[in-house]
Amino acid sequence: QEHIEPLPLGIKPLDAISDYLGKFHSHVVKEAMKNFGSTYDQSHIQYCLTVPAMWSDRAKHVMRLAAVRAGLIKEEDPAHRLIIVSEPEAAAMYCQSKGDQFNLQKHDRFLICDAGGGTVDLIVFEVVDVNPETGIRSLREVTRGHGASCGSAFLDANMEKLLREKFQKYPLTPMGWGTIMDTFVNQTKPIFPGTDPEMYLQVPNIPNLPDANDLDIGLEDGMLKLMVSELHERVFDPVVKDVLDLIEHQLKQTHCEAIFLVGGFGSSRYLFDRVTAKFATSGRQVRVPPRAELAVVRGAVTYGLHQGSIISRVARRWYGVDSAMDFVQGVDPEEKKTLSRDGTTRCKDRFSVYIHPGQSVALGECVTKKYMTWCYPRPLDCPLYVSDSAEEPRYVDEPSVKKLGDFQIPMPDIPGMMPGSEVLVEVKMHFGETEVRAEALVLGQTVTAVCQWIG
């Protein structure tokens, strides 16, 4: 995220993430050794790491760097040793594995609402086909996945704000706050809303209130009475409304036969009731699969074993490269006019579109563009830009355009070719996978482009 307070002690996000992954991975390996023993070989392990759908390509790259630092994979390992997949895609794989239970048929569309602690991610998928031998369904994305930071952690933040107002006269210790919030998270939140108009929260000892009674705030004998109506207004409804708005935004784009709620927050009875009340119709069901809180992690394993099951994805933003195009008099500014080596008048800094938002991109599909360069034998730098603007960007230096990274295309050794010779390069960008990758065809030779990501 941008514009947030820095971490203490000069720690960078990559440091914190890689430290966490390293400790977690060590525990996983220790547990695996119990079962595998001497047959365990980490180089034979393929990892599937899930990330929120709303994350940028740069954020996914940071996760790959963190996995390398944490020791999951080595920098020189082939890319397929670590698969990065969006959380709603993993959840979709889990839900489709329960397809017989939920009667998912060919051409049925279903919405995944992955509501976790921090983010809520949504995508609509369509069942394209069913493998009769494995029962695995091929899926395609129908809508542009999107999400927001409105997970259950925001319920906790709302609750803490409400409690601090009630206990402003009584400075609880950090341990006291930890105890009272744990009680809310583990006991009050899962059963909300109850059938009674009030709920009770046990309060730890308060130093300057030995009898634990203050009827003005609803505290009696160490039990705090909370009105359900107040919890609706102050704690739950502001967050649930955001989730309902996200679902409505997806359903405006397409129809669907089912809505699956997954994730820890997705298991909430209150969220299920509100989604059902608003969106369940005679032709649409709202369902929570078994162990919905594990849908993403179990679906990630299924995804790793059947990677071709998501056959197409929908692009979320503009992707393009910096290119010199024909100069249009009266449209392009004079300061961008440049004379090409072939004698034509060109406009520099033009945004050459590879992919536009909402475009369906099949797995394995690549977009190819041809460029003329005179940089031989030096590598060709091909910067990749992204934009979230509603309209197609015209120039790469517009405010809405951000540089994602530089794809460096090496020049193969061509006997007899002189430095500065004209070379035709075909750049192939692959966008149908979770991560963007590129390769190029230079004078009939295929070379892998190495990306230097920004940030």
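**Labels and their cut-offs**

Modeller: Let's start with Asp57, Arg317 and Asp388, which are linked in a network of salt bridges. A salt bridge here is a side-chain nitrogen of Lys or Arg within 4 Å of a carboxyl oxygen of Asp or Glu. Keep in mind that this is a predicted model, with local features needing pLDDT of at least 70, side-chain atom pairs counting only at pLDDT 80 or more, and totals for chains, interfaces and linings using all residues. Residues are numbered from 1 along each chain as its sequence is written, and side-chain values use heavy atoms, leaving out hydrogens and water.

Biologist: How do you know that Asp332 and Arg394 form a salt bridge?

Modeller: Their closest N and O atoms are 2.9 Å apart, and the limit is 4 Å, so the pair qualifies. It ties together distant parts of the chain: Asp332 is in the loop between β13 (318-326) and β14 (337-339), and Arg394, 62 residues apart from it, is in the loop between β18 (380-387) and β19 (401-409). The structure holds 25 salt bridges.

Biologist: Asp332, buried or exposed?

Modeller: Buried means under 20% relative accessible area, exposed means over 50%, and partly exposed is in between (1.4 Å probe, protein chains only). Asp332 has 4%, so it is buried.

Biologist: What makes Lys166 buried?

Modeller: Lys166 has a relative accessible area of 17%, so by the cut-off it is buried. Its side chain meets that of Glu230 in a salt bridge (3.4 Å, N to O). This pair also links distant parts of the chain, with Lys166 in helix α5 (residues 153-166) and Glu230 in helix α7, 64 residues apart. Glu230 is partly exposed, at 24%.

Biologist: And where do Glu31 and Lys34 lie?

Modeller: Both lie in helix α1, three residues apart, about one turn of the helix. Lys34 has 60% relative accessible area, so it is exposed, while Glu31 at 31% is partly exposed.

Biologist: Why is helix α3 described as largely enclosed?

Modeller: Ten of the eleven residues of α3 (residues 87-97) are buried, so the rest of the structure largely encloses it. Among them are Glu87, Met93, Tyr94 and Cys95. Across the protein, buried residues make up 46% of the 455. As for what counts as a helix, helices (H or I, at least four residues) and strands (E, at least two) are DSSP runs, numbered from the N terminus. There are nine helices and 23 strands.

Biologist: What makes β7 and β8 edge strands?

Modeller: Two strands pair if DSSP finds at least two bridges between them. The open sheet has the order β7-β9-β8, with antiparallel pairing. β7 (198-202) and β8 (219-220) each have a single partner strand, so one side of each is left without a neighbour in the sheet. Two bridges join β8 to β9 (residues 223-227), so that pair meets the requirement of at least two. Within it, Glu220 stands opposite Met223.

Biologist: How do you know that β5 and β12 pair?

Modeller: They share two bridges in the parallel sense, with Leu139 opposite Ile310. β5 also pairs with β4, in the antiparallel sense over five bridges. β4 and β5 form a hairpin with six residues between them, and Gly135 in the turn has a positive phi of about 80°.

Biologist: Which residues make the nonpolar patch?

Modeller: Leu7, Leu9 and Ile11, making about 320 Å² of surface. Patches are made of residues with over 30% relative accessible area and no salt bridge, with like charges joined within 9 Å and nonpolar side chains (Val, Leu, Ile, Met, Phe, Trp, Tyr) within 5 Å. Leu9 has 85% relative accessibility, so it counts as exposed. It lies in the segment before α1 (13-36).

Biologist: What is Gly117 in contact with?

Modeller: Contact means heavy atoms within 4.5 Å. Leaving aside neighbours within four places in sequence, Gly117 touches Gly151, Ser152, Ala153 and Phe154. Gly117 sits in the loop between β3 (109-115) and β4 (120-130) and, at 37% relative accessible area, is partly exposed.

Definitions and conventions
Accessible areas come from the Shrake-Rupley method with a 1.4 Å probe; for residues, only the protein chains shown count as cover.
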